[in-house]
Amino acid sequence: MSAESAPTSNCSLTATCRCGLSRLDWLLIALGSAILIANLFVARPLMSANDRSRWATVWSLVERGTYQIDEIDAQPAWSTIDKVRHDEHLYSSKPPLLSTMAAGIYWVLKNVGGYDLLRQTDETAQFILLLMNGLPTIASFIVFAKLLRRLSDDDTVREIALATLCFGTLVTGYSTTFNNHSLGAVCLIFLLSPLLTLIESGSKKNDSTECRSASFALAGFWAAATVCCELPAALLGAVAFLIAAKSSLRKSLLCFAPAALVPFAAYFLTNAIATGGWKPFYSFYGTDKYLFTLDGVPSYWLNPRGLDRNLDGPLMYFVHCTFGHHGIFCLSPIFLLALTSWCRRTWWQRTTGAGLVWLSLGLTVGVLGFYMTRTENYNYGGNTYGLRWIIWLSPLWIIAMLPALKVAVTKKAGLAATLLLLVVSGYSTQASAKNPWAESWLFHRLTIAGWIDYSDPAPELPFDRPLQTWFSELPGKGHELTWIEFESPSSSSLSDTSSDTLRVIDLGVSDSEKKPIRSVRFQWNAGATARERTIDVAFDQTKFLEGSPVADQVVFFEATPKLSESDLLTFLRGLPFDRPYHGGNVRYLKTDLRKDAFNCYRAATQVLRKLPSGGTMTDRCEVWLTSEVPFGVVQFELSQFDSRGEEISKRRFVAKKIGKSTSSP
């Protein structure tokens, strides 16, 4: 890994230019930068609760001058589970420093360019990310390329290492979204060059005074910045200070420490303003700040789902962190070379970069060990592409690869195997760039194969019978003559107006041929003479409770204006054919009926039917069921899709009023 003499190559691509880099270096940097920027402007913001949490803070800071996110979190597209409740308000659970920095950029964009994060979400967020993620990452490519010149005198080794940073790690994959992990890796790269200078200075007796003060200041600043991005990097910060102190204790105290105070001051000051204290909100995980119920809606962390249920034990968790579905060495197999280097100390113990290889090994063990102790967080960082909380170490892993690379490239088979590992790693990088908050290709494959299963238990309806209609209950004893009124803003098969009301009214029970009959009135647009329609239906209550086909449940009906039996059955089912509802996922729905949300079971059914034209259409009905309102449904939604799965129409009915009649209508 020594680079004591400048490389002498006749190849114009690898010849060193005056800037210290070769043409091939610049070609790789340019190509990596182009792909990064292209991915950044293709990826959509608000892709997960994680980045929505930060974007909500950005919006609130600029638009409302507060770190409280209550208002923006109420927007369906902006709601996040990564929030805490503090002093009767909602806040992002993320440290506020990065969001504050992004808010500064957004303030300029809004006041100078007229951008609006709420109305122009994609364009505004992408431009902010270009400045916060894109440009710093591109700068890190250049800095890292120059660092490689100090660490290796082999052109092939350097170019493969640089290509790994540009194309083969999750650092660039995560750079398309608002996160702290990719920025942590960038800060680490900016730290490595001055840190290597301090390591070299500290290893030379009586020569420490030759190390310039700037190296101490830069090392202090970027070490602290890395810690501000990644809490486990505190170990790195401590090691960096010890390295600096070994070189010169005086300059460490006069230059390293003051420079480190700058990012630390920004971190703790913004945290104090946001939280009223020095501890970040995420340090309160498991307390009432995370575990709360607001307006009838419990926080996600009271009943986490999927990976967040922490189903794996310590051994299995370690396996999946390293060689499993979130595995470092499976998704980015190029890092197997780093593992090989760590196991062959004789390859690097006397080289220029030996100190950085030791650092990479120590930090990897330390960070993995830290997270292995956090049993309450055995969720791999959530449903994410790879082990996101450790990707900031990627630059050090690339440096640790150099000794193994130098051995591998000496043979054609070794070079071919290395390039194959890089291609697989590059595939993971490109796949993650589309949405790093989604499961990886490996996770998907293992799930299909049945090797892993983190799905929630199969949902069930809250009653032991088939549900054939969009309403789940008929009023029983103590609930006679109740009614519920729905509103819908669009047209339907029963009404061609732009807005409708549908009141469902219990007309009471009667006995016919020794079986209980429950009469129900479905009244459209009551009081609007030209638009009012009424359907009175008598249900066999026993058949209804047995979940019999709808035609068997209906004893008789009367409609004004007249309605065919086929149209009546379609209306009652929500579908043109019988198909029982399935599902039962718990959902919390807010309506105008009350302040608190309703605890609902969300169920659905759909049928595929052929059209006279020869094509097909899918009819679907989704219902939100709760026993807290008459007829057991607080919202239902009718939709149709063409053969390509594209939505043709959608109609949503939401409960607006409930009541009880004083007498039978």
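**Figure 1. Overview of the protein chain.** The secondary structure of the protein chain comes to 21 helices and 14 strands, and the coordinates shown are those of a predicted model. Along its principal axes, the C-alpha trace of the protein chain spans about 105 × 55 × 50 Å, and 52% of the 665 residues count as buried. Among the contacts in the protein chain with a separation of 6 or more, 65% come from residues 24 or more positions apart. The mean pLDDT of the protein chain is 91, with 94% of the residues reaching 70 or more. Over residues 3-10, however, the pLDDT is below 50, and in the model this stretch has 13 contacts beyond near neighbours in sequence. The pLDDT is also below 50 over residues 205-209, a stretch with 4 contacts in the model beyond near neighbours in sequence.

**Figure 2. The largest nonpolar core and the surroundings of W389.** The largest nonpolar core has 90 residues, and those with the most contacts inside it are F144, L356, W389 and I390. When neighbours within four places in sequence are left aside, W389 is in contact with H181, E230, Y317, C321, V367, L368, Y371, Y380 and G381. Apart from this core lies another, of 40 residues, which includes L474, V520, V554 and L572.

Figure 3. A search of the whole structure finds 0 disulfides. For C187, which is in no disulfide, the nearest cysteine sulfur is that of C229, at a distance of 4.3 Å; C187 counts as buried because its relative accessibility is 9%, under the 20% limit. C321 is likewise in no disulfide, and the nearest cysteine sulfur, belonging to C330, is 11 Å away. With a relative accessibility of 1%, C321 counts as buried, and C321 is also one of the residues in contact with W389.

**Figure 4. The two sides of helix α18.** Within helix α18, which comprises residues 441-448, L442, F443 and L446 are buried. These three residues cover an arc of only 100 degrees around the axis, and therefore lie on the same side of α18. On the other side of α18, R445 and I448 are exposed. The cover over the buried residues of α18 includes α13, formed by residues 328-331. After α18 comes G450, which has a positive phi, near 85 degrees.

Figure 5. Of the 10 residues of strand β12 (residues 616-625), 9 are buried, so the strand is largely enclosed by the rest of the structure. Strand β11 (residues 598-610) runs antiparallel to β12 and is joined to it by 10 bridges, with R602 having W624 of β12 as its bridge partner. The hairpin formed by β11 and β12 has 5 residues between the strands, and G614 in the turn has a positive phi of about 105 degrees. β12 is also joined to β13 by 9 bridges, again in an antiparallel arrangement, and here W624 stands opposite Q635 in β13.

Figure 6. Strand β13 (residues 633-642) pairs with β14 in the antiparallel sense over 7 bridges, and the bridge partner of L638 in β14 is R651. The hairpin of β13 and β14 has 4 residues between the strands, where G645 takes a positive phi near 85 degrees. Strand β5 (residues 482-488) is joined to β14 (residues 647-660) by 6 bridges, and these two strands run antiparallel. In this pairing, F486 stands opposite A655 in β14.

Figure 7. Leaving aside neighbours within four places in sequence, E485 is in contact with T501, L502, R503, V654, A655, K656 and K657. One of these residues, A655, is the residue of β14 that F486 stands opposite. L502 lies 17 residues from E485 along the chain, and the C-alpha atoms of E485 and L502 are separated by 5.6 Å.

Conventions:
Residues are numbered from 1 along each chain as its sequence is written. This is a predicted model: local features need pLDDT of at least 70, side-chain atom pairs count only at pLDDT 80 or more; totals for chains, interfaces and linings use all residues. Side-chain values use heavy atoms; hydrogens and water are left out. Buried means under 20% relative accessible area, exposed over 50%, partly exposed in between (1.4 Å probe, protein chains only). The arc is that of the directions from the helix axis to the C-beta atoms. Contact means heavy atoms within 4.5 Å. Two strands pair if DSSP finds at least two bridges between them. pLDDT is the predictor's confidence in each residue, from 0 to 100. A nonpolar core is a set of buried Ala, Val, Leu, Ile, Met, Phe, Trp, Tyr and Cys residues joined through side-chain atoms within 4.5 Å. A disulfide is a pair of cysteine sulfur atoms within 2.5 Å.
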